[in-house]
Amino acid sequence: MSARRTIVDWILRRTAAELPGGLSDDTPLFEHGILSSFDVVELILLIEELRGSPVDVERIEPATFRSVDSICGAFLAPEVTR
Amino acid sequence: MDDLHVLAERLCRASDRHVDADGGIEWPDALAADEWCFTPELLSLHGMPEYEALSEPARRRLSFHEAVNFFSLNLHGERMLVAGLASRATAPEWRELASYLAYFRADEERHMASFGEFCRRYAGGMHPARSLAMPRAYASGEADLLFFAKVLVFEEIVDVYNQRMAADARLSPLVREINRRHHLDERRHLAFGRALVRTLHARRAPSWSPAVVRRVRTTLERHVTACLHDYFSVDVYRAAGFGDPYWLRERAITHPGSQARLRPLAERCRRALPALLDEAT
């Protein structure tokens, strides 16, 4: 399974929001209430596990976590798989 | 805010007495390799097969890493607290409490110095923070209430650990002393925080819609869980030599022994925030 798919599946399991149209790669995750600040720690841990290296939170802006596309673009190499 | 103002003035005087009576911490050049730095029964892996399989020296080394995590959590939490107190220092609505908020902030800065010194001297630095505040809108008074309620939750949990470890004769004298000093200051912060959150809630909540009331409750419930889960650290498990720290963290959080250990901590938080966390209120 690709890292992107792993992240999407994680979001879908984690969210309490109803997503009748599903989750697209550019859906605003926090603006639409799909995720909250409390999910960020666990999401960062997942990203670290997927890419095998730490995430420096001090250098990250909240906008980095805006969507699946922005998350994968910021943290994952294109061919990273789990 | 009359009762709160009276309490704040009393806490200012108590702060003066306490700081004058307490000198600086004496830092040894090194910690003994075989010292316990965290109460064994509070270790995040206690009761799990992975812990039972550790030798006694390995358990003591694990306790050192858990202490670094504990002090790191405190440091990160207090950094946000100091920033929040500083932003309110000159705000007109906080003028009556400004004196005590200044003591509060000074206490936290002193704590940060101690926690940071321990991590720097003996671990080469602190564990990283992974939380990130996401921008959101608040109802009137909601931001202040959540700020101080979240601080209260954080400190209620920490105080349990501080008291246990300050009294644990098995631990390094330095670790006991750091926990003891923190507990003595936190008694004042907890007294203030509990009264302030009650006051802010009584003042603001009547104007909130049911949706906002539910949002505040959900936010604090999730914050309690998040604070408790911070004590399960991949950085600890990696430093202690476990091969898959992320998997181990998931197992540790859901382990029945961990859940049994966390329940009274969560209950203590609920007792501190009855009006906010009680659905019947």
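A salt bridge, as the term is used here, is a side-chain nitrogen of Lys or Arg within 4 Å of a carboxyl oxygen of Asp or Glu. With that in mind, one can look at helix H6 of chain B in this predicted model, where the side chains of Arg181(B) and Glu177(B) meet in a salt bridge with a distance of 2.6 Å from N to O. Both residues lie in helix H6, which spans residues 173-204 of chain B, and they stand 4 residues apart, about one turn of the helix. An α-helix has 3.6 residues a turn, so residues three or four places apart point the same way. Arg181(B) counts as buried because its relative accessibility is 17%, below the 20% limit, while Glu177(B), with a relative accessible area of 22%, is partly exposed.

Over all chains, a search of the whole structure finds 32 salt bridges.

Some of these bridges join the two chains, and 4 salt bridges are counted between chain A and chain B. One of them links Arg249(B) to Glu42(A), with the closest N and O atoms 2.9 Å apart, and the pair runs from helix H9 (residues 245-254) of chain B to helix H2 of chain A. Another salt bridge joins Arg222(B) to Asp39(A), where the closest N and O atoms are 2.8 Å apart. There is also a network of salt bridges that links Glu48(A), Arg130(B), Asp235(B) and Arg238(B).

The contact between the chains can also be described as a whole. In it, 19 residues of chain A are in contact with 17 residues of chain B. The size of an interface is often given as the accessible area lost when the parts come together. For chain A and chain B this buried area is about 1,700 Å², and carbon and sulfur atoms give 61% of it. Phe38(A), Leu45(A) and Pro62(A) supply 35% of the area that chain A buries against chain B, which is more than any other three residues.

From the interface we can turn to the interior. In soluble globular proteins, nonpolar side chains tend to be buried together. The largest nonpolar core of this model has 86 residues, and those with the most contacts inside it are Leu45(B), Phe118(B), Phe148(B), Tyr161(B), Phe192(B) and Leu273(B). Helix H5 (residues 142-166) of chain B gives the most to this core, with 13 residues. Apart from it lies another core, of 27 residues, among them Ile11(A), Leu29(A), Ile44(A) and Leu50(A).

Phe192(B), leaving aside residues up to four places away in sequence, touches Leu4(B), Leu7(B), Ala8(B), Leu11(B), Leu97(B), Tyr100(B), Leu101(B) and Phe104(B). Ile157(B) lies in helix H5 of chain B and counts as buried, at 1% relative accessibility.

In chain A, helix H3 (residues 68-75) has buried residues at Val68(A), Ile71(A), Cys72(A) and Phe75(A). These residues cover an arc of only 90° around the axis, so they are on the same side of H3(A). The buried residues of H3(A) pack against helix H1 (3-14) and helix H2 (37-51) of chain A.

Finally, there are the cysteines to consider. A disulfide is a covalent bond between the sulfur atoms of two cysteines.

Note on methods. Residues numbered from 1 in each chain as written. Chains lettered and ligands numbered in written order. Predicted model: local features only at pLDDT ≥ 70, side-chain atom pairs only at ≥ 80, totals over all residues. Heavy atoms only, no water. Buried < 20%, exposed > 50% of the residue type's maximum accessible area, 1.4 Å probe, protein only. Helix = DSSP H or I, 4+ residues; strand = E, 2+ residues; numbered from the N terminus. Arc of directions from axis to C-beta. Contact = heavy atoms within 4.5 Å. Core = buried A, V, L, I, M, F, W, Y, C linked by side-chain atoms within 4.5 Å. Buried area = accessible area lost by both parts, 1.4 Å probe.
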